[in-house]
Amino acid sequence: MRTETEQTIYLKDYAPTPYRIVSVELDFRILEENTRVRAQLAIEPRDTTAPGTSLVLDGDGLSLSSIAIDGAPLALASYAADDNGLTIVEPPFRRFVLETEVFLKPESNTKLMGLYRSSGTWCTQCEPEGFRRITYYLDRPDVLAPFTVRMTAPQALAPVLLSNGNPIDRGDAGDGMHYAVWQDPFPKPAYLFALVAGDLGSITDSFTTVSGRNVDLAIYCTHGKEAECHHAMDSLKRSMAWDERRFGREYDLDVFNVVAVSDFNFGAMENKGLNIFNDKLVFAQPETATDANYHSIERVIAHEYFHNWTGNRITCRDWFQLCLKEGLTVYRDQEFSSDEHSRPVQRIHDVQNLRTSQFPEDGGPLAHPPRPDHYREINNFYTTTVYEKGAEVVRMLATLLGEAGFRKGMDLYFERHDGEATTIEAFIKVFEDASGRDLSQFITWYLQAGTPQVTVSDSYDGASQTYTLTLTQTVEPTPGEPDKKPLLIPVRFGLIGPNGSPMSWNGVSGGTVEGDLILLDKPSVTLTFSGVANKPVPSLFRAFSAPVKVSSNLDQADLLFLARHDSDPFNRWDALQTVSTQLIAEAARGRRWSDDDAHALRQALVDTLANPDLDAAFKAQAIAIPGTGMVSRHIGKDVDPDAVSAARKDLVTTLVGPIADQLAERYAALVSDAPYSPDAAQAGERALRNGLLQLLVSGAGRGDLAQKQYETAGNMTDRYAAMAIAAQSWTDEAPALLGDFRTRFAGDPLVFDKWLTASAQAPDDGVIERMRAILAAPDFPKTNPNRLRSLLGSFVMSGSTQFTRLDGAGFRFVTEAVAEIDKVNPQVASRILTGMRILPMLEPRRREAGRVALETLKSQHTLSRNVGEILDRILA
Ligand code: 0A1
Ligand code: ZN
């Protein structure tokens, strides 16, 4: 069957609109049955526009009930409206006001784009192309206008009426109705528009900006949830202060509102002055939220707040430039988290996320550059490449320019582009102008897909005391990009001497070295260091200075030496990960480790655990054995996930067996009866304790410990960890723990999500049948994105060996579910389908089973553009 449309949009076709929208007045009349939207758009032609040029406005599924220009109704012949928009054939060749009226049915909007209802609350989502589902408009990010919004609604159903900007009026409208008027003085693109009308509770606070202005803060939520919003409020105030300190950015309106809703396609949205959040990223209390939840809430509150400058005050010219706002804002939220907590632990966390989600995207059929140059469905480009790789590219810029140089460039960016919709080229230019540096090679990071592979070899000549280091870069072809250009790769490094201390050198030749930074700017660079007293071990890509894969001639002994001695905590962690990954990968290919290798790794883990200079959060990361998915990707092709999973289990058992008692003692010693706090110290201890539990359950059969922890846990972090660990190892106790968890928290949808996630990760052969039953249950909320993602998203993304089953049952289950979900919510469906990108790296029989499932999906259903595009790219 056909997909909706296969039209491709190209960056090269960008052209400004022939008409500008000068100002916008919206009038919403919200009733149970429908919502009437009247728009008054002041519009004028640009200087370059020829008289007679049609005005083409976007619209999606709207039906026009009246239309007028400057108060006079339009004759039928002078406009045409269809499902995709409204064309005014010969608009006046001067400024005029276009008035339209449409009626919406938010109740039946299951796509959750435009105006919809979530648990009774009217709310909106307009990025990227949702505004056209509310009114006819030039719905693209380079059309900026000030908005005034009037809304009238039943007082009883919607006592709270919110929109962007500052509130300027409110009052009674008779007949049980009331109204509010909001005005946003900052010109903005329509994707930043928002409206909320509902019966909501709230908590309030205030923030005094650096120049002494008062900002009223509020977080709105379902009644009864107010007490769970304080962590979000605290995070907001810290974000506001941090942006002033670190980037000199002050908030610009009198109010800042956050609203938590239960049905949301993404994490949250940075609408000007009115951020709308998925409620899972607002609500937190120790009994129902984990440390990871607390951390995500803080990060996403910060992320959306930071968008006020990087995204809202300066926005994107077109959607190809999405990473202009997203990569930069993720970089800013990562820096915020680093400054607020532990920098190395945050860095490891972010890199782990990059490696488990972005590297597979960049190395598979869905690879695209951070700044793509074509798309069919823009919603499919809210990807980890745009967000997380985009952040890495900004981080490299900061590494190359240094903290002060980077800040100078950012200051110039805000000064030069405030109020504009701009491009990646303009972003790079500010750093060139501020630093005087040529960044023409650097910009390739934005334009080219694929993870570079850097190969390292070294040699030492004792007689001449010279050390030679060769770094070579290659990038494998990605879809549509057969030839790759060499990138400018910053390699932060150090040399470590035999006693574990840093080594110096007298001189270096053969390439550019700036302090502790090697600039790898050619396909290959060979550096010769002179005056090196002993053979060093190189520590490269410190703090993960570039998003690359590294293969080196360092052996296990060198890596474990780094794990003990490197002054860079990231590389200490990374060395341990590399050793485990290599051992598992080799064993999966039939070459099991030697006793000596296992012993040396075990000893390094034991010593790391015992090291008093390392904190608990770091130790938790250091003792974690890479997952099946991670090792499978390291192998890269013809992967048999069952073999990888078996090898991994074997390694964990081998490592843990001889030290199980010692680990159990440490585990027991970490119990604390201090009242729960999400702070870094406590969260770190819990992470370490749960890391030990993971080793003991999967490596020493200690399911009993998981059961006991589950039963005695005083907070959700420990209770969830115990259940999830038991489920992942499918211990004897696991089914009972899952059962208890489900009933204990019945009625709490966000905790139900945790149960769905843990259930989907069970490795036993019954898991698919159980998931089918969960989905088929009459009370399963089939339209809620969080529920669907918790079950199916976890199944496809967590490296489950049931998803990649040899008989294809996992693939069929997913493609059948995607076909159903696509009818309700194409964005959620296509995101789940991206899990199938794994196919090309699997061994032939699994690959074929997956292909058949995809072909069946394609031939038996009419698919949305969202799902159609992902499917075609995976099958290509
Ligand atoms: N700009 C938001 C992301 C976002 C994108 C699409 C959405 O709905 C389809 C919602 C939010 C952010 O970066 O947080
Ligand atoms: Zn964002």
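Reply: In this predicted model, strand β27 (residues 489–496) pairs with β31 in the antiparallel sense, over four bridges. Within that pairing, P490 stands opposite L519 of β31. Strand β31 itself covers residues 517–520.

β31 has another partner. Strand β30 (residues 512–514) is joined to β31 by three bridges, and these two strands also run antiparallel. Here E514 has L517 of β31 as its bridge partner. The two strands β30 and β31 make a hairpin, with two residues between them. One residue in that turn is G515, whose phi is positive, at about 60°.

The two faces of β31 can be told apart as well. I518 and L520 belong to the covered face, while L517 and L519 belong to the uncovered one. This can be set beside the pairing: L517, the bridge partner of E514, is on the uncovered face, and L519, which stands opposite P490, is on the uncovered face too.

W730 is partly exposed because 17 other C-beta atoms lie within 10 Å, and a residue counts as buried at 20 or more and as exposed at 12 or fewer. Leaving out residues up to four places away in sequence, W730 touches A762, P763 and D764.

Notes
Residues numbered from 1 in each chain as written. Chains lettered and ligands numbered in written order. Predicted model: local features only at pLDDT ≥ 70, side-chain atom pairs only at ≥ 80, totals over all residues. Pairing = 2+ DSSP bridges. Contact = placed C-beta atoms within 7 Å.
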